[in-house]
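Please have the sequence and the coordinates open as I talk.

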Amino acid sequence: MLIGRKVTVLGAGVAGLAVARALALRGAAVTVLEQAEAIREVGAGLQISPNGARVLRALGLGAAFEAAGPRVGAVVLRDGVTGGQVARLPMARLRPDAEYRVLHRARLIDLLAEGARAAGAEIRLLQKVETVDLGDHPPRLVTAQGAEIETDLLIGADGLHSKVYTALNGAVSPFFTHQVAWRALIPCEPGAPAESEVFMGAGRHLVSYPLGQGLRNIVAVEERTRWVDEGWNLREDPLTLRAAFEEFCPRVQDWLAQVDEPYLWGLFRHPVATRWFGKGAAILGDAAHPTLPFLAQGANMALEDAWVLAEMLARTPDETEALASYQALREPRCTAIVDAASRNARNFHLSGLPRAIGHMGLRAISRLAPGKLVGRYDWIYGCDVTAQ
């Protein structure tokens, strides 16, 4: 049971704030520890698919979610060089009851932070945790300021380099996928349709969509052998980005000409965690299953995790049993999504004859059976963890 139980969450990202609200609504006394001086995100858009949208609505944040960003009407696959349409997935027509939205990550963080506080959770900033000790119960933390914190339940929502993950699983070494990604925001042209467009080229692709409030999001991915640091905050010369996509169509060139300060990050493959919980501790989101960005499911999986973890803890009297049920429910699905995302990049980066054949097939299916393309990922988007 969660009533009055002291829960400490590490990390005030999507996973941490979502689980803070979910647990606080169920009666837990939740404290979120965030090492930054403010809860903020810069320069990043994200996509919330129906599986994530259902969690936000179940958390009582539906109205704020609707106001945060536009609903996506279609996904359009394009030839990067010519700009011509390869396939069109009319989501609004073929899945009218499914909610796909795009929004600035900062808007999602803001609405989740407001929701967590409204539910009674406390968010404490400038709280960098140096050590996590799970050897004895209850879990024990030591901050950079030397403060010692004990808690009934510790939840690691502390991302790729999670200290809670390491305490549960030991250190691991991710491997560089030989792909890098740039991200940037530019002004959005008036009247731009709410569509997500993917421009595909040999060894590279670019995704763009309007975020609302006059902004357009750009994520550009290139295959390369040169190693790049993992992380979201490495600034890059815009000329390098433009040179990587110099053969793409004029529309892409116009967008990239407006990019003044792109961010670059290396894409690394991490293993899905073997242990998601221990006595008095659990992990979720990127701390448990980091994913490549090729299915736009990182935030959505974090939202699903948050709901399932809170629900298992609320409905199961024995905490160990609750945490075991959480991992049993989440691990197979998250592993399948991570694997599918890893495969998806190859589909965007075809060259030569395989590219010609692939695009021909996509055009035919898009024209004759668009529902088949839209339904390809129904196993992801159709899931409703709030109904389990």
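When I speak of helices and strands, I mean DSSP runs numbered from the N terminus, with helices being H or I runs of at least four residues and strands being E runs of at least two. This is a predicted model, in which local features need pLDDT of at least 70 and side-chain atom pairs count only at pLDDT 80 or more, while totals for chains, interfaces and linings use all residues. Residues are numbered from 1 along each chain as its sequence is written, and side-chain values use heavy atoms, with hydrogens and water left out.

Let me begin with glutamate 150, which lies in strand E10, residues 148-150. I call a residue buried under 20% relative accessible area, exposed over 50%, and partly exposed in between, using a 1.4 Å probe and protein chains only. Glutamate 150 has a relative accessible area of 46%, and therefore counts as partly exposed. Contact, for this talk, means heavy atoms within 4.5 Å, and once the neighbours within four places in sequence are left aside, glutamate 150 is in contact with Lys6, Pro138, Pro139 and Arg140. Its C-alpha is 18 Å from that of threonine 320, a residue 170 places away in sequence.

Now to helix H1, which covers residues 14-25 and has 12 residues. The expected span of a helix is 1.5 Å times one less than its number of residues; H1 reaches 17 Å from its first C-alpha to its last, close to the 16 Å expected. How many of the residues of H1 are buried? The count is 11 of 12, so that the helix is mostly covered, and the buried set includes Val14, Gly16, Leu17 and Arg21. These buried residues pack against several elements, among them strand E1 (6-10), strand E2 (29-33), helix H5 (105-118) and helix H9 (298-315). Just after H1, glycine 27 takes a positive phi of about 105°.

Histidine 178, with a phi of about 60°, lies in strand E12, residues 175-187, and is partly exposed at a relative accessible area of 40%. Glutamine 213, with a phi of about 55°, is found in the loop between strand E14 (204-212) and strand E15 (215-223), and is exposed at 65%.

The side chain of arginine 101 reaches the backbone oxygen of glycine 69 at 3.0 Å, and that of histidine 104 reaches the backbone oxygen of alanine 44 at 3.3 Å. Beyond its neighbours within four places in sequence, arginine 101 is in contact with residues including Leu46, Ile48, Phe65 and Glu66.

Proline 370 lies in helix H12, residues 370-374, and is buried at 17%. Leaving aside neighbours within four places, the contacts of proline 370 are Arg88, Pro90, Arg93, Leu94 and Ile365.

Cysteine 334 counts as buried because its relative accessibility is 0%, and cysteine 383 counts as buried at 14%.

A cavity here is a set of points, on a 1 Å grid over the protein atoms alone, where a 1.4 Å probe fits but cannot get out, and lining residues have an atom within 4 Å of a point. Grid points are joined across faces, edges and corners, and a volume is the space filled by probe spheres set on the points. The structure holds one cavity of 30 Å³ or more, and about 40 Å³ of space lies in the largest cavity. Its lining includes Trp307, Glu311, Leu329 and Gln388, and the largest share of that lining, five residues, comes from H9.

Note on methods
A polar contact is a pair of N or O atoms within 3.5 Å; within protein, one must be able to donate a hydrogen and the other to accept it, and residues adjacent in sequence count only if both atoms are side-chain atoms. On a 1 Å grid over the protein atoms alone, a cavity is a set of points where a 1.4 Å probe fits but cannot get out, and a pocket is an open set with protein on both sides within 12 Å along at least five of seven lines; lining residues have an atom within 4 Å of a point.
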